[in-house]
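Hi,

Here is the structure I said I would pass on. Have a look at it first, and then read my notes below.

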Amino acid sequence: WLDVFVTAIFLVGMWLMAKRKIENWIFWIVGDIICVPMMIYKGLGITSIQYFVFTAMAVTGYLEWKKGHQLQHADDVA
């Protein structure tokens, strides 16, 4: 069931990304955080490292999108 839940999280994240919503990054981060220990439990250490890297990339993506969004709104106000 956990695999199904994580897949659903990633599908929602992809849908939100297609809609260009900043919230997509939250779904990617949560899904990746769940995957890291799940892959360790399954004995897939290399894959858990991969999901850890994905988590770092998603956090970076979120921060970049948020910064760009704030800059865009600052330009709109000024």
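**What I found**

Trp-65 is partly exposed, with a relative accessibility of 28%. (Buried means under 20% relative accessible area, exposed over 50%, and partly exposed in between, using a 1.4 Å probe and protein chains only.) A quick note on the source: this is a predicted model, where local features need pLDDT of at least 70 and side-chain atom pairs count only at pLDDT 80 or more, while totals for chains, interfaces and linings use all residues. Residues are numbered from 1 along each chain as its sequence is written, and side-chain values use heavy atoms, with hydrogens and water left out.

**Rings**

What does Trp-65 pair up with? Its partner is Trp-25, in an edge-to-face aromatic pair with 5.6 Å centre to centre and 80° between the planes. For the rule, rings of Phe, Tyr and Trp (its six-membered ring) pair if their centres lie within 6.5 Å; planes under 30 degrees apart count as stacked, over 60 as edge-to-face and the rest as tilted. Trp-25 sits in helix 2 and Trp-65 in helix 3, 40 residues apart, so this pair links distant parts of the chain. Helices here are DSSP runs (H or I, at least four residues), numbered from the N terminus.

(The expected span is 1.5 Å times one less than the number of residues.) Its buried residues include Val-6, Ile-9, Phe-10, Gly-13 and Leu-16. They cover an arc of only 120° around the axis, which puts them on the same side of helix 1; the arc is taken from the directions from the helix axis to the C-beta atoms. What does the face turned away carry? There you'll find the exposed residues Val-4, Leu-11, Trp-15 and Ala-18. Just after helix 1, Arg-20 has a positive phi of about 60°.

Helix 2 passes the length check as well: 18 residues should span 26 Å, and the end C-alpha atoms are 26 Å apart. Among its buried residues are Trp-25, Trp-28, Cys-35 and Met-39. After helix 2 comes Gly-43, with a positive phi near 80°.

**Salt bridges**

How many salt bridges are there? Two, counting a side-chain nitrogen of Lys or Arg within 4 Å of a carboxyl oxygen of Asp or Glu. One joins Asp-3 and Lys-42, with the closest N and O atoms 2.8 Å apart. Asp-3 lies in helix 1 and Lys-42 in the loop between helix 2 and helix 3, so the pair ties together parts that are 39 residues apart in sequence. Asp-3 is partly exposed at 38%, and so is Lys-42 at 41%.

The other joins Glu-64 and Lys-67 (3.7 Å, N to O). Both lie in helix 3, three residues apart, about one turn of the helix. Glu-64 is partly exposed at 44%, as is Lys-67 at 45%.

Enjoy exploring!

Terms used. Helix = DSSP H or I, 4+ residues; strand = E, 2+ residues; numbered from the N terminus.
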